[in-house]
Amino acid sequence: MEIDKWINGYKVRSFPWVDGKHIYFNVQCYSPGQSIEKPPAWDKTVYITDNEAGQRLVDNFTHSLVEHIAKMQIEEGHKVILTA
């Protein structure tokens with residue numbers, strides 16, 4: 001269930017979180033032509049409840065999940081948990 005690749009133009013990283021209850025899911029956006037050695041234009045992280053539905057969401061609906069997270073308004077310092 002680990003992901004570390006580009007999806008729909010976003011850098012995506014996902015793996016089981018250390019608490020054993022969530023899946024870490026991070027989406028980063030880089031400006032066109034921007035070096036990936038520099039910080040991304042924006043960076044959004046959510047935690048998905050690690051159950052059968054959450055695993056199915058990450059495995060089978062990855063592109064839709066990435067687009068949904070990209071459109072989310074996440075305030076700095078807030079932890080977002082998504083439960084499917």
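Biologist: Is Tyr 47 buried or exposed?
Modeller: This is a predicted model, and in it Tyr 47 has a relative accessible area of 14%. Buried means under 20%, so Tyr 47 is buried.

Biologist: Which ring does Tyr 47 pair with edge-to-face?
Modeller: Tyr 24. The two ring centres are 5.9 Å apart, with 65° between the planes. Tyr 24 sits in strand β3 and Tyr 47 in strand β4, 23 residues apart, so this pair links distant parts of the chain.

Biologist: And Tyr 24, buried or exposed?
Modeller: Tyr 24 counts as buried, at 16% relative accessibility.

Biologist: Which residues do ring pairs link into a cluster?
Modeller: Phe 15, Trp 17, Tyr 24 and Tyr 47.

Biologist: Nice. What lies over the face of Tyr 47?
Modeller: Lys 79 does, at 4.8 Å from the ring centre. There is also Lys 44, which lies over the face of Trp 42 at 4.7 Å from the ring centre.

Biologist: Switching topic: how many aromatic pairs are there in the whole structure?
Modeller: A search finds seven. One of them is Trp 6 with Tyr 30: their centres are 5.9 Å apart and their planes are at 55°, so the pair is tilted.

Biologist: Where do Trp 6 and Tyr 30 lie?
Modeller: Trp 6 is in strand β1, and Tyr 30 is in the loop between β3 and β4. The pair therefore ties together parts that are 24 residues apart in sequence.

Technical notes. Residues are numbered from 1 along each chain as its sequence is written. This is a predicted model: local features need pLDDT of at least 70, side-chain atom pairs count only at pLDDT 80 or more; totals for chains, interfaces and linings use all residues. Side-chain values use heavy atoms; hydrogens and water are left out. Rings of Phe, Tyr and Trp (its six-membered ring) pair if their centres lie within 6.5 Å; planes under 30 degrees apart count as stacked, over 60 as edge-to-face and the rest as tilted. Helices (H or I, at least four residues) and strands (E, at least two) are DSSP runs, numbered from the N terminus. Buried means under 20% relative accessible area, exposed over 50%, partly exposed in between (1.4 Å probe, protein chains only). A charge sits over a ring if NZ of Lys or CZ of Arg is within 6 Å of the ring centre and within 35 degrees of the ring normal.
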